[in-house]
Amino acid sequence: MTGHSDEREPQHTMTPIDDHTDSVSPGRPQYDAFLSYSHAADGRLAPAVLRGFHQLARRWNQVRALRVFRDEESLAANPDLWATIDRALRSSRYFVLMASPDSAKSIWVGREVEYWRNERERETFLIALTAGSIVWDHTANDFDWARTTALPEGLRGWFAAEPLWVDLSHAQDPAQLSVRHSDFRSKMATLAAPVHGKEKEELESDDIRAFRVATRIRRALTTGLMVFLVAATVLGVVTLVQRSAAIDERNQAISRALAARSESLGDTDPELSRLLSVTAWRISPTPEARAGMLIAAARPGIARISSGHGAVNSVAFSPDGKTLATGSDDVRLWDVTTHRQIAAPLAGHTQAVRSVQFSRDGSMLATSGYDAVVRLWNAGTHQQISAPAAPADSSPLLHVAPATAFNPDGKTLAIGDVGGMVRLWDLGGQAQTGEIAVDHPSTPFTTSPSVTFSPDGRTLATAGTDGTVRFWDSAAHQQIGAPLAGHVGDTASFISPLVMFNPDGRTFATAWTDGKVQLWDTATRKPVGGALTAHTRPDRVTLPPSLGFSPDGKTMATGGDDGTIRLWDVGRQAQIGSPLAGHTRAVTSVAFSPDGRTFASGAQDGTIRLWDLGAHLQVSNPMLGSPGAVYALAFSPDGSTIATGGDDGGAVGDHTSRYACGHDGWGICSGGGGAVSVTGAGSTILLYDNPGQKRPAPTGPPRTIMLWDVRTRRPITDLRTHSRRPVLAVAFSPDGRVLATGGPNGSSGDGAGSNLWDPVNRVQLGAPVPEPMSAVRSAVFSQDGRTLVAAGAPAPADAKTDQARPEAKPSVSFWDVETRKQVGTLDVGDTVYSVAASPDGQMLATASGNGAVRLWRTDTRQAIGEPLSGHTGPVGSVAFSPDGRTLASTGDDGTIRLWDVEKHQPLGEPLTGHTGAVYSLAFSPDGSFLATGSGDNSVRVWHIAAHRQISPPYLGHYQPVRSVRFSPDGTTLASAGEDGALRLWDTSFTHNVDSTLCTAVKRPLTPDEWSRHVPELPYRQPCS
């Protein structure tokens, strides 16, 4: 409560100190912050804090910078007291707790804290310590309540990370309680910055600027008394200009604050996050608002639906994908498109519902509850069809929910009951037709066996707490083979394990009470790979395991007690991307939509979440066909074709391992003659044959250059070379009629060198370019296509020692495309890993092994200014923005640096986020975005103006990413790497992102939501 002692005192009138005269729209919050404190402990300090909020960054034409609510004196208990405080709380954007042992014990402060915790977000809760202590426990991710004396117990377990708080416990001297005192001013700036929606340094700068403006105006007014008419005119003009500037400044601050708020809500409330990001852009089109929309659009979360009735135990899509069924305290049906409930809940179960499942034709819905009853419903009319009777020996105390599974033939429902019995229920006659004693030894009446049918319906699989999976002929009701001992038994558990067939029928999965998930080969019943153990051990009493397969069988999803969902590549048994985060408690159920693009999850936090799996599906659908690592790629100018250059895979065939080379990413891997060598960096590995063994020679033509059809995502053809050495560079001419490739030269000229190709007729154009370098690492055409620029390392003097000639220098070569004659070189001073041409053709940029980035004039071939320094280690890639004003560079240090081409100066701080060397970067066609590929196996997209990463890390590759390129229309990003995969990522979300977000949300921003998040402005609909 704002300023009180807990003893009863005489009644008085509640008066907000901040009696703003500004007009306030009905329903709009009136206060920027609510000040909660103990009058007994902080009666003297509270007014100083209030003045700090009022004065800090106050412009000359403001009465106060922020509107803050507090009472003038201690409050007595009267009938209207809490109603007054409640109105003030509801009308405030932020909560400021003046923390002390007295306030921690205060009943009123406790009520105010409880209100804020229940109704608002923890990001809007600020703390000022005035006495006592606050200690954060980083291990428990909560306050150390044994040593924290200044906070009320109501905050226990609320914060997932240490909140913002400042220490004012030493501010006791009245002379120190002023914003002109440096220490007090700094701490008040820390508190006020989030309320203003600005960084602390920006707020302090605003305060200094406002103070100086006010000083100048006072002087101007003094002078104005002497020359009234002139001064009045000048002052009027200045006022109008400053008012306009103040409005712009205010809107920009609101926009930035909303963008930050949108990002913080991205996982918890994706719909509101999208709406707030668009609102921020509508208020003021700041770079932060643009980045906020892009981040919101790239998130997988679609919607958060509150069940309103307990934990969500089960979710299931109807076969047409239009309806989602959920089981919690009751059964509910939801429209997948609008996210709204369909009709009334299906009533009948007397205990919570454990599972929901649609029949294959969608006509029936089976539900199972902890009342030990299975109910069948007409999915169209929502009327109950039947309720197969529970066995007589069902436990009346433990309320075990039976397991259910529809046979794909649509004729039978299998029901797994306690006591190890599976009943078979005829769906046509609505009568039991048989039963199977599955004989899973377990504690009596504590669990029911898990049941599932194979996709062809011929086999029924059951799993029990004894650790076995058993298979049954669904027609003969006879066991097939011996039990499969898949996991360690856990007969003391109160939950059932899970078994589920992959839709392709070739594999099945088991999820056990120890948190492990195992894939199995259906035919051999042997494990496929190791156990998947990313999730922590589940609750053995109340949390059964959850998993699901995508319709195509390529992806599996698992839910964990950490509130996350993990997606797995079934073929590689590897996790796909980052976990889907948003639930605040354990995930209980997961389900894929019939088209596989949407995913639903239910959790103990009482919510259902819908996810867009577009990016994850891209991960599980790579373009395969390259025999070895891919080092370079390029789009044709019309965007229909991709050319890739890479390794022939000789090391794979010769040594049965794709990764025989150990190098740091800057050397060249090549195999042959019983050894794998690395040229340029790293090491050379010799692999010897057994005595008498003769290694077979590689068969078939080399496959180092491939052309791919973008529309069909399939390889078109290989361009047949005469060498098996890797191709490290590919580039299309501006008209798309010529393809240049480059790589290491052999000792006798038999290497890849530089070659020119006709990509339409798929033939080599003449003899190889007589490149003197030992390896071409990068190539680019001039703007008119007449000149080819190749960059790399010099030729060695002796092929046996592979040592460079002392007189040879790393170079960049210029070649006339038509005559194949060299027309110039550049002496760069070291190996060049990347070369780029400016859009106007007047400059080249080079990236070298010594960490230098240099600019060169193409006409004189002279260096422009000094090298651009900042990188440590080799620089692997450079690129000009489409307007030629910005140069991007990246390399071994994992940073991405942006440079002003004209001024030769860095543009802001380096972009960071990658955890390994970055080998490739590319600008989008409009220059707004930058894509990077790294040795940490990720692909990332960055917003240039905001200096922000706006995509999640795309983690489809399982080896370093060597090349990234945008398609000419900017809607697709291609990446390739050492895993031999070419992947296409949908980047169309970067186009018309505000319209895309509004279309995706399918609901307006409500006036109440506006008043909570944008109280400064009158309500308007951002997606009108």
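The model is predicted: local features need pLDDT of at least 70, side-chain atom pairs count only at pLDDT 80 or more, and totals for chains, interfaces and linings use all residues. Residues are numbered from 1 along each chain as its sequence is written, and side-chain values use heavy atoms, with hydrogens and water left out.

**Whole chain**

- The protein chain holds 14 helices and 64 strands. Helices (H or I, at least four residues) and strands (E, at least two) are DSSP runs, numbered from the N terminus.
- The chain has 1024 residues, and 55% of them count as buried. Buried means under 20% relative accessible area, exposed means over 50%, and partly exposed lies in between (1.4 Å probe, protein chains only).
- The accessible surface of the protein chain is about 43000 Å², and carbon and sulfur atoms own 50% of that surface. Accessible areas come from the Shrake-Rupley method with a 1.4 Å probe; for residues, only the protein chains shown count as cover.
- Take the contacts with a separation of 6 or more: 55% of them join residues 24 or more positions apart. Contact means heavy atoms within 4.5 Å.

- Helix 13 spans residues 993–1001, and its buried residues are Val993, Asp994, Leu997, Cys998 and Val1001. They sit on the same side of helix 13, because they cover an arc of only 135° around the axis. The arc is that of the directions from the helix axis to the C-beta atoms.
- An α-helix has 3.6 residues a turn, so residues three or four places apart point the same way.
- The buried residues of helix 13 pack against helix 9 (270–283) and helix 10 (287–298).
- Just after helix 13 comes Lys1002, with a positive phi of about 65°.

**Two helix pairs**

- Two packed helices are described by the angle between their axes and the distance between the axes. Axes are lines fitted to C-alpha atoms, for helices over the stretch in contact, and angles run from 0 to 180 degrees between N-to-C directions.
- Helix 9 and helix 10 cross at roughly 160°, and their axes come within 8 Å. Helix 9 and helix 10 are therefore roughly antiparallel. Angles under 35 degrees count as roughly parallel, over 145 as roughly antiparallel, 65 to 115 as roughly perpendicular and the rest as oblique.
- The residues that meet include Ser277 and Trp281 in helix 9, and Gly292 and Met293 in helix 10.
- Helix 2 (residues 45–55) packs on helix 6 (residues 182–196) at about 70°, with the axes 10 Å apart. Helix 2 and helix 6 are therefore roughly perpendicular.
- Ala48, Val49, Gly52 and Phe53 of helix 2 make this contact with Phe184, Met188, Leu191 and Ala192 of helix 6.

**Single residues**

- Most residues other than glycine have a negative phi, and most peptide bonds are trans.
- Asn141 is not a glycine, yet its phi is positive, at about 55°. Asn141 lies in the loop between strand 5 (136–137) and strand 6 (142–143), and is partly exposed at 41% relative accessibility.
- Arg762 is not a glycine either, and has a positive phi of about 60°. Arg762 lies in the loop between strand 43 (754–758) and strand 44 (763–764).
- Asp569 is in strand 29 (residues 564–569) and is buried, with a relative accessible area of 11%.
- Asp859 is in the loop between strand 53 (853–857) and strand 54 (875–880) and is exposed, with a relative accessible area of 51%.
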